[in-house]
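This briefing is intended to be read alongside the sequence and the coordinates. Please keep both in view.

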Amino acid sequence: IRLKATGLAAIATLFLVILITPIKHRIFWLIANLGTVFTMMVLEFKDPSIIKQHYSSASEKFADLGFAYITTAALLSAGIYVLRKSYDQQKQLAEDQARKLQVLNDEKDKLFSIISHDLNAPMASVKQYLELIQVMELDCEERNMIERDLSNSLNNAQYLLNNLLHWAKSQMQHKQLQIKNLNLNNLLEE
């Protein structure tokens, strides 16, 4: 019966060791635990007098088994508490990362919406111009003015696309931002 109580303690110890040790050390502790229990079992089998197998009273037996049960239950409860706490921390971390990812995804969607709008306007202007010259005759001055406006619009769209390509390339290469002062008036005029 004492071996049964010791076995409960050995199982609880094994549970805690597996719970708290790094993965690379677990095999050692598993072998140590199994070796200890197996050695105790073999010794008791070969020489039963080594391990006291009788109790002097029922209260001694009750105390031994009760202590083994309480110790095992306490160790397992502590292990479950540690597991639960770790799980809750990992769950919170995953939820925080999911929220951050959602914010980034929303920002990406807004960025694509803005870019689509900014690129759509020059394309629509080119399309309207091509439709216009198919149905109407334009004099040279009107034609030059429209073509100059279209050229400026397409240049701005190309500038936007080049900036996007540079930004995307820097994001893929994980380059650090270089903050510098800019003349906002000049940029707004463009």
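This is a predicted model: local features need pLDDT of at least 70, side-chain atom pairs count only at pLDDT 80 or more; totals for chains, interfaces and linings use all residues.

Residues are numbered from 1 along each chain as its sequence is written, and side-chain values use heavy atoms, without hydrogens or water.

**Confidence**
- The chain has a mean pLDDT of 82, with 93% of its residues at 70 or more; pLDDT is the predictor's confidence in each residue, from 0 to 100.
- Confidence is lowest in helix α1 (residues 2-20), with a mean of 72, and highest in α4, with 86.
- Helices are DSSP runs (H or I, at least four residues), numbered from the N terminus.

**Y129**
- Y129 belongs to helix α3 (residues 58-135).
- Y129 has a relative accessible area of 9% and is therefore buried (under 20%; exposed is over 50%, with a 1.4 Å probe and protein chains only).
- Beyond its neighbours within four places in sequence, Y129 contacts L138, R143, I146, E147 and L150 (heavy atoms within 4.5 Å).

**Helix α4**
- The 33 residues of α4 (residues 140-172) span 47 Å from first to last C-alpha, close to the expected 48 Å (1.5 Å times one less than the number of residues).

**F28**
- F28 is part of helix α2 (residues 23-46).
- F28 counts as exposed because its relative accessibility is 52%.

Key: Helices (H or I, at least four residues) and strands (E, at least two) are DSSP runs, numbered from the N terminus.
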